[in-house]
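Hi,

Here is the structure I promised to pass on. Have a look at it first, then read my notes below.

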Amino acid sequence: MAVLTVVIAAVLGLCFCAVALLRWNELRYRRRALPPGTMGWPVFGETTEFLKLGPSFMKNQSARYGSFFKSHILGCPTVVSMDPELNRFILMNEAKGFVPGYPQSMLDILGKCNISAVHGATHKYMRGALLSLISPAMIRDQILPKIDEFMRSHLSNWDDQVINIQQKTKEMAFLSALKQIAGAESTSISHEFMPAFFKLVLGTLSLPIDLPGTNYRHGFQARKNIVQILSKLVEERRSSNEEQQDMLAGLMRAEENRHKLNDKEIIDLIITLLYSGYETVSTTSMMAVKYLHDHPQVLNELRKEHFEIRSRKSPDDPINWDDYKSMKFTRAVIFETSRLATIVNGVLRKTTRDIEINGFIIPKDWRIYVYTREMNYDPYLYPDPFSFNPWRWMDKSLETHNYFLIFGGGTRQCPGKELGVAEISTFLHYFVTRYRWKEVGKDKLVKFPRVEAPKGLHIRVSSC
Ligand code: HEM
């Protein structure tokens, strides 16, 4: 009997302890609050201030609430993180519940198998398939010759013309990628593909309201057209005996397609490839032209590097891997351009559950804006941060420091970094060795929410 009483008492004691522990945890959880900040108006939140004031809205809020604050932007409750340590932590810890949190319009239009829409094991194999297409060996052997051939032709006959360099770099980024993806057919499909692609891009950045006349509806229709073009291409390739050497062929060849992608996945991966490299490559190229125009000393140094490469070759010799690897100053110009112009302001994540971070709770399904812009102007990382000084990147360690997030970080770090740099370098090679240019028209540049010249960036071009 005494033993039974002891056992019952022990069980009751344990139950009591467990309940007390749960209750204590609950209270502790409740006491921990959301990050400080304001949420603005119902529904609209602080979207208008965010879009209108841009970086100064972020600075004002962080001056008031610190570098980790809540807001309500672009239709979602959002925590903005401007803290370098937390930004790194969030990017490095997708598995702890910080998955990509891009807008619904983007996910709808880019497809269910788009890389930003998939997580965990699916992300791993989709990314694996992508990396096998754009590895350094593939760039060296297959892609660089295509980029070279494309740039030579794209940059011909610009002499004595006024060019909208924004338009030209956009076409360049799209057409060059299309040639890498579907070499043989790229010219014949580009007339239909390019306008559809530009509509798709606009649609991904719109409100997801499916009404006639909206960018969202146009973007969705454009996706359907693009899927049709690509499906037809895949069918034609299957029924033909011709061997192709391009990204689509790599994805379709069963023995190379180790990741066993089905046709839907192949098509969404191609759209991912086109979309991810398009705006980043085109805007960096345009801004490099702008900064080089404004900094003749940098342009001289860059020209020296490229004329030296040309002096080793005959006029028709293409740029090869060794030439590309020798373009140290060009690489520095590209990184300095990305930094100073802040081509990517930050990346978006979404919480898959309530997460405690830095003593605050971020509820499930909130967005986190990992805002990396300010890190680009940190005087400790980049002395005299507002000057255009590519020489700072000649010290290679700057490219590998912990807070270098121009290409993102963690498991989502840009897999197209080397490909993008190779494309911009080849563009700059032919541009600075063939032409001189002057800006005309005093075009305005906008830096936020994205870098663009609303009316184009016009330059008068003449032969060197
Ligand atoms: C040179 C300019 C480029 C810049 C500045 C850039 C920047 C970035 C950044 C910041 C991310 C991280 C996004 C995130 O964490 O949510 C990213 C991801 C990505 N980039 Fe790039 N990118 C560039 C060029 C390219 C090119 C040329 C390609 C084409 C292959 C590409 C393909 C991708 C893909 C597929 C992802 C998603 C990776 C994943 O989710 O695993 N990027 N890029």
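How many residues surround the ligand, and which are the closest? There are 26 of them, and the closest are G277, G408, C414, G416 and G420. (A residue is near a molecule if its C-beta atom, placed from the backbone, lies within 6 Å of it.)

Before going on, keep in mind that this is a predicted model: local features need pLDDT of at least 70, side-chain atom pairs count only at pLDDT 80 or more, and totals for chains, interfaces and linings use all residues. Residues are numbered from 1 along each chain as its sequence is written.

Back to the ligand. Helix 12 (263-294) gives the largest share of the shell, 7 residues, and helix 6 (120-133) and helix 16 (417-434) each supply at least two. Helices here are DSSP runs of H or I with at least four residues, strands are runs of E with at least two, and both are numbered from the N terminus.

C414 sits in the loop between strand 8 (367-371) and helix 16. UniProt lists C414 under "binding site" in an unreviewed entry; such annotations may be inferred rather than shown by experiment. C414 has 16 C-beta neighbours inside 10 Å, so it counts as partly exposed (buried means 20 or more, exposed 12 or fewer, partly exposed in between).

Now for strand 1 (residues 68-73): 6 of its 6 residues are buried, so the strand is largely enclosed by the rest of the structure. It pairs with strand 2 (residues 76-81) in the antiparallel sense over 6 bridges; pairing takes at least two DSSP bridges. F68 stands opposite S81.

Cheers
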